[in-house]
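Reader: I have a structure open and would like to learn how to read it. Could you walk me through some features, one at a time?

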Amino acid sequence: MAATASAGAGGMDGKPRTSPKSVKFLFGGLAGMGATVFVQPLDLVKNRMQLSGEGAKTREYKTSFHALTSILKAEGLRGIYTGLSAGLLRQATYTTTRLGIYTVLFERLTGADGTPPGFLLKAVIGMTAGATGAFVGTPAEVALIRMTADGRLPPDQRRGYKNVFNALIRITREEGVLTLWRGCIPTMARAVVVNAAQLASYSQSKQFLLDSGYFSDNILCHFCASMISGLVTTAASMPVDIAKTRIQNMRMIDGKPEYKNGLDVLFKVVRYEGFFSLWKGFTPYYARLGPHTVLTFIFLEQMNKAYKRLFLSG
């Protein structure tokens, strides 16, 4: 029995002892949640920017900085953290599911001799995991969009959700359970675009920097490649993101939805607000992407180190 336990821990077969899959998924979700605490204000500004000027109205915010200062002035410091509970639940559902699906598919498609999947197959695995995670995380995403948008409305039009669970219960009761998955198609499409763009642009950017002769394969190169990749990913995914935001925040007017689908959102934005309005909120979106990724990995590394020290050492 002791031998079995030791072998299960990885001691008898010579392999390094690692944490169980369930712990890895848990840490992945917790790391994403920890990072969200720091970048939530940027998410709120991005959502407000994307809703500003909706329906050919005058833009509420001229720039992202103007949006941030206006929110602080009108709603206070707590105002910029509106929707934090929904942001945390989104990470708990989306990140954990994505990591779980990715790990399972990666292991199943690894060759019998231990050969990992090729680049294209990894991309397909990443996009599949991202889309599945996005579907699971859509209810929290709907709550987040509505909670962050509430402060821009007149008091008599606000939904007034107390927290993410109150939002989910009220949405289900007042609009039906399927409303929780409103905008799931553009949400999943965004996840696919983000995963594809990140994979392709990061590897290409890294190769370009190495070929320039000014960089070696170190942290500085990885950071610069990540920033370039983030720029490409933001530019590619923002039109899908604004469609998602508008659909998830829309109301019924005379029994009819404001938008028919994601394409209808894009056509109306271009028609009434201009082509470049598809990239509203670009700055906070881009500013959020880098720090969230970096902070997620920092938290993940620290939790893994603590787990190894407490449970796998000795």
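Author: Gladly; we will go through salt bridges, aromatic rings, a helix and a few surface spots. Keep in mind that this is a predicted model.

Reader: Let's begin with charges. How many salt bridges does the structure hold?

Author: Here is the general idea: side chains of opposite charge can pair when their charged atoms come close. In this structure there are 17 salt bridges.

Reader: Are Asp241 and Lys46 buried or exposed?

Author: Asp241 is buried, because its relative accessibility is 0%. Lys46 is buried too, with 4% relative accessibility, and the cut-off for that word is under 20%.

Reader: Which residue forms a salt bridge with Glu75?

Author: That is Arg48, with the closest N and O atoms 3.0 Å apart. Glu75 sits in helix H3 (residues 64-79) and Arg48 in helix H2, so the two tie together parts 27 residues apart in sequence. Look at the accessibility as well: Glu75 is partly exposed at 27%, whereas Arg48 is buried at 0%.

Reader: And what can you tell me about Glu141 and Arg190?

Author: They form a salt bridge whose closest N and O atoms are 3.4 Å apart. Glu141 is in helix H5 (residues 119-149) and Arg190 in helix H7, 49 residues apart, so to speak a link between distant parts of the chain. Both residues are buried. Now widen the view: salt bridges with shared partners join Asp43, Lys46, Arg90, Glu141, Arg190, Asp241, Lys244 and Arg288 into one network.

Reader: On to the rings. How many aromatic pairs does a search of the whole structure find?

Author: In general, a pair of aromatic rings is described by the distance of the centres and the angle of the planes. The search finds eight aromatic pairs here. One of them is Tyr102 with Phe106, a stacked pair with 5.8 Å centre to centre and 25 degrees between the planes. Both residues lie in helix H4 (residues 84-108), four residues apart, which is about one turn of the helix. Tyr102 is partly exposed, at 30% relative accessible area, and Phe106 is partly exposed at 23%. Elsewhere, ring pairs link Phe27, Tyr307 and Phe311 into a cluster.

Reader: Where does the kink in helix H8 lie?

Author: Follow helix H8 (residues 219-249) to Met238: a kink of about 45 degrees lies there, shortly before the proline Pro239. Then go to the N-terminal end of H8, which Asn218 caps with a side-chain oxygen 3.3 Å from the backbone nitrogen of Leu220.

Reader: Which residues form a nonpolar patch on the surface?

Author: Phe135, Val136, Val177, Leu178 and Trp181 do, with about 460 Å² of accessible area together. Trp181 is found in the loop between helix H6 (164-175) and helix H7 (184-212), and its relative accessibility of 31% makes it partly exposed.

Notes. Residues are numbered from 1 along each chain as its sequence is written. This is a predicted model: local features need pLDDT of at least 70, side-chain atom pairs count only at pLDDT 80 or more; totals for chains, interfaces and linings use all residues. Side-chain values use heavy atoms; hydrogens and water are left out. Rings of Phe, Tyr and Trp (its six-membered ring) pair if their centres lie within 6.5 Å; planes under 30 degrees apart count as stacked, over 60 as edge-to-face and the rest as tilted. Buried means under 20% relative accessible area, exposed over 50%, partly exposed in between (1.4 Å probe, protein chains only). The bend at a residue is the angle between axes fitted to the seven residues ending there and the seven starting there. A polar contact is a pair of N or O atoms within 3.5 Å; within protein, one must be able to donate a hydrogen and the other to accept it, and residues adjacent in sequence count only if both atoms are side-chain atoms. Patches are made of residues with over 30% relative accessible area and no salt bridge: like charges are joined within 9 Å, nonpolar side chains (Val, Leu, Ile, Met, Phe, Trp, Tyr) within 5 Å. Accessible areas come from the Shrake-Rupley method with a 1.4 Å probe; for residues, only the protein chains shown count as cover. A salt bridge is a side-chain nitrogen of Lys or Arg within 4 Å of a carboxyl oxygen of Asp or Glu.
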